[in-house]
Amino acid sequence: MTSLRPFTCDDLFKFNNINLDPLTETYGIPFYLQYLAHWPEYFIVAEAPGGELMGYIMGKAEGSVAREEWHGHVTALSVAPEFRRLGLAAKLMEMLEEISERKGGFFVDLFVRVSNQVAVNMYKRLGYSVYRTVIEYYSASNGEPDEDAYDMRKALSRDTEKKSIIPLPHPVRPEDIE
Amino acid sequence: MAARGHVQDPNDRRLRPIYDYLDNGNNKMAIQQADKLLKKHKDLHCAKVLKAIGLQRTGKQDEAFALAQEVTTLEPTDDNSLQALTILYREMHRPELVTKLYEAAVKKVPLSEEYHSHLFMAYARVGEYKKMQQAGMALYKIVPKNPYYFWSVMSLVMQAISAKDEKLSQTMFLPLAERMVEKMVKEEKIEAEAEVQLYYMILERLGKCEEALEVIRGPLGEKLTSELQSRERKCMALYRRLERWPECNALAQKLLLKNPDDWQFYPSYFDSLFQLMDQSWSPPEEGDHCSEGSVHHTVAEVVRFVEERIKVEDGKDSRSLRGPYLARMELMHRLRERGYPEENLPGEPLALMVEFFRKFGDKPCCITDLKIYLHLLSPEQHVQFINQLSEAVPLGEQGEEGFAFPDDTKSLQRHLCVCQLSRALGLHHSLDVSGKLRLIGELKAHYRHGLKFGSSALKTELQFSDTYCLMAAHVYIDLWTDTGDVDMVWQSLGLLEEGLSHSPSNAQFKLLLLLLYCRLGAFEPVVDLYSSLDAKHIQHDTIGFLLTRYAESLGQFAAASQSCNFSLRFFHSNQKDTSEYIIQAYKYGAFEKIPEFIALRNRLNQSLHFAQVRTERMLLDLFLEADIILSLEESVKAMSLSSEEDDIPWDSLRDNRDLTVFTNWDPKQRQLTDEHRTRSLEEESVWLRIRSLTLRLLASLTASGHTPSQQNSEISNENGVGDKSSLLHSLLSQLNQTLQTAARIAEKQTQYPLLGPPATRLASALSIGSCQCQAAALQLSVHLQELESAGLDESSELQTQICNVFKSLVVQLQEMLNKCKGDLMEMKESKLKTQPSLLENLVFFVETVSIVMWTASYCAKILRPLKTSLQKKKKKKKDANAALPLVVCGFQELTGSLQDLLTQAVEHIRGQESGILALKLSSLSMEGISQEEASFTKAAMDKVQGSYLRSLQEVGDLLKKRAETIKNLKI
């Protein structure tokens, strides 16, 4: 049981149970405001009946339509530990995909740590496939090596031939992605 | 740097290297290059501005500002200069100057879309709504693009929102905005979704719900496509406001059919049912029930609807949704509240909850779902309920210890849920000591058994059985608070440390460890724990209090400064950051977000925590400065601290602390209440006021703590003195009043739940007498000012009075120091005992001694010239043998006593240090726990021991530094 509603600034004060997760980044205020100003419809929060925040998705639409690269992007998706295994992430992804469909996107993409097997498998179940590997996309702060990311994609209905998800043969460097 | 004008411009080529230097942070080279260029091209204004940017970034603000003003007065109209000046003024935090810049530019180039648009944004940055409205219209007249028109409309809405007079909003700004939009609607010029959103915002604020509904449901509403269910949600809100319950009911039904898990529509569905029942509503004889379709206006219909949803879920092969099952309990709860006959309820609460558990007991959120409805059970049913649930938990064979364990993670989760529910029903709390110890044993066994399911977990993942560990720690804490047995808290710490070793990312382990260490007076381990939480940005505001509440009061001053700095850095960037996104919201037409962003900015600026760290950071700086005489003056100047100014928004302080960050399964009567929250905020505010007044009074002891009255003229000097003394009186009387309020608050002895807000230092500060002594010391400055004007000759009464205060200060300090004596940590009856309050008292003593010494130094400053002039007089009279004036003797006694007090304190600390070092923790026998557990517990003890030593050292060092400067107080 979940209320899905637009994320608001006041939610920033209540999302600790979601963001104290080690793989969930807490960004500076500007980062959230940029998304709220530009793509408010893509920033959705799930709330439990008792008022606890359960999880949220933050995304955007970008890319050139002419080059058939106009797409929805998942910037952050996180669910608090106690609300996992309810299919909530899948529901939030479904919503982001629907918004992207409405905007006429060709595909939806996202980046995920190659080590984050739980997430990679979940995205695979949701129909995403690895489009390319981005070398050392995640910079580590504590002296550990930087980590690679998978750029995973799922074609939307506008991409009838599913051209957007044909995997690239070679990994790319972060500076080569748009 | 951003756009650089036209490509062909030769100036661009000349300026490029400077831009590059600036971009690369090479400010010195940028300045040099600009100078070189300016030698050849004197009138290349932009080069001057770029030089100014370089100067600004190398800390030469004044030079930079002068140079920028030079160019500004020329009213430049070239893109390069304008952009560079905009950047510079923003970096200088002078956004208002940008508006002047573009006002001049549009006057000279009245048809420039670009400059007009920059002007609009410049106004937006400083919140000049009326001027924005005009600038938007001016833009629209030059280039009739819709967004410009609606910028102007939105600026009217902002005038309405910010107007102090609600009537003005309702009768002028909003109606005007409405007419502006209506005009576009009539002319069929509405293009974008944002424009409809804005129209809706206006109508809603005007309370014109019927009109708003018409817009949303009509053709304009069709433009609302980006946000999912935007139209539906808006309609629902309007139906509720209009009390159109049939429509509300019918729409809720439709939406629930579509997504029976969407909680937000169940309340509307149920509310509307009861409203319709109360109105004895009945459907029309023919035709639709209402414009949204058919209406459920009887309990039977609604029950049937919910049960049908449940049937659908029951019949599904895939995952069932919790929504309908929870909705049934919610309905039950509401029916009961209305006094609906028990026999007609759609089922029996106990059975429904057991059924819910059977279906969803293996989900971690089952407890969160069920705990809302536990009140549906009667107290007699509690045990029966838990027994029935336990039967639905498949466990394996009983082992040696008498415990049966789950065979898979789903059973584990079910078993865990039963434990959580037992705790939430108060069944843990009602156990006696041995029952609780047995429970702990069981939870620990389950915890360790469950680790096998996560043997391959990554270190970023939690262990399936972590919650057992956390709960066992909670039961230990129950025992600790109930019986005062310190071993319970040691074992709790040990267990949590053990848990963290298996599950290094568990934030709840870290939070609870952090809290317990603080409660034991040990701040040192907290630093690493908190930093491993990786709390950043807004989290400094929401959970930063966990650090700042304890660091200073536990004598870890360096860490305290650092914690304040983390938070301050975040708050200071907020003002500039939010403005930029308000502008972006205009650009992208996210009009709804604009008031939201402004509210966020205010919420952060008015944050209680912000005001606290601002104040405490300055106090800390003062306390930590070693040199009493010089540094107070200099520090006050460096902090631009002024006794006149109060920058704390007392009436609008916002408590942004996340007080529910700790996981907690306590029964309702033990949970944090709104009353606790109110009391905590009240207590925090009063404590903050005491600290802030103390700070301002300290500033008033210095010359630079007074901003005005620095002129040379005789008259203004006199005024200055007058102002100073009346300000002093006012601050002191505020302090006294606040102390009275504080005493009343302390009397209440509010007990917060352990996992709720920590109490402030207020009660201890009063009970040790630190506030009173500080106030008495600060009060002294009034008498000293009187003495300054009266002189030493004819002021014996005043001098006696002052001497009495001196004596009383010494007595008070001695009493405080006595309350620091005792053993911070000791071994007694094979238990390791601690008295963290002794450490806190020691810190109060240090703070108070510092304040007394500052007033003493102020005293010395006043007495010295008086004494000198007296000696001169005496020399003339050849009366050198006469006795010293009373106040001088008294002062010498004071400094002597202070010296003595400091020596005592330092000796006490030395004694504590050697006592703690001599403790043989290894000799503690740890009965009843395994060797492995004992090692974690010992590790926790070591941390506390180490932390005490560090605190003692920091406090001792500070006292020693203070002692060294006493000799400077001689007169």
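This is a predicted model: local features need pLDDT of at least 70, side-chain atom pairs count only at pLDDT 80 or more; totals for chains, interfaces and linings use all residues.
User: What makes B:C290 count as buried?

Analyst: The relative accessible area of B:C290 is 10%. The cut-off for buried is under 20%, and B:C290 is therefore classed as buried. B:C46, with a relative accessible area of 1%, is likewise buried.

User: Why is the contact of A:E52 with B:K371 called a salt bridge?

Analyst: The closest N and O atoms of A:E52 and B:K371 are 3.9 Å apart. The limit is within 4 Å, so the pair qualifies as a salt bridge. Between chain A and chain B the count is three salt bridges.

User: Which element gives the largest share of the side of chain A that touches chain B?

Analyst: That element is α2(A), which supplies seven residues.

User: What describes the extent of the interface between chain A and chain B?

Analyst: The two chains bury about 4,700 Å² between them, with 63% of this on carbon and sulfur atoms. In terms of residues, 51 of chain A are in contact with 58 of chain B. Polar contacts between chain A and chain B number 19 residue pairs, both residues at pLDDT 80 or more.

Technical notes:
Residues are numbered from 1 along each chain as its sequence is written. Chains are lettered from A and ligands numbered from 1 in the order in which they are written. Side-chain values use heavy atoms; hydrogens and water are left out. Buried means under 20% relative accessible area, exposed over 50%, partly exposed in between (1.4 Å probe, protein chains only). Contact means heavy atoms within 4.5 Å. Buried area is the accessible area (1.4 Å probe) that two parts lose on being put together, summed over both. A salt bridge is a side-chain nitrogen of Lys or Arg within 4 Å of a carboxyl oxygen of Asp or Glu. A polar contact is a pair of N or O atoms within 3.5 Å; within protein, one must be able to donate a hydrogen and the other to accept it, and residues adjacent in sequence count only if both atoms are side-chain atoms. Helices (H or I, at least four residues) and strands (E, at least two) are DSSP runs, numbered from the N terminus.
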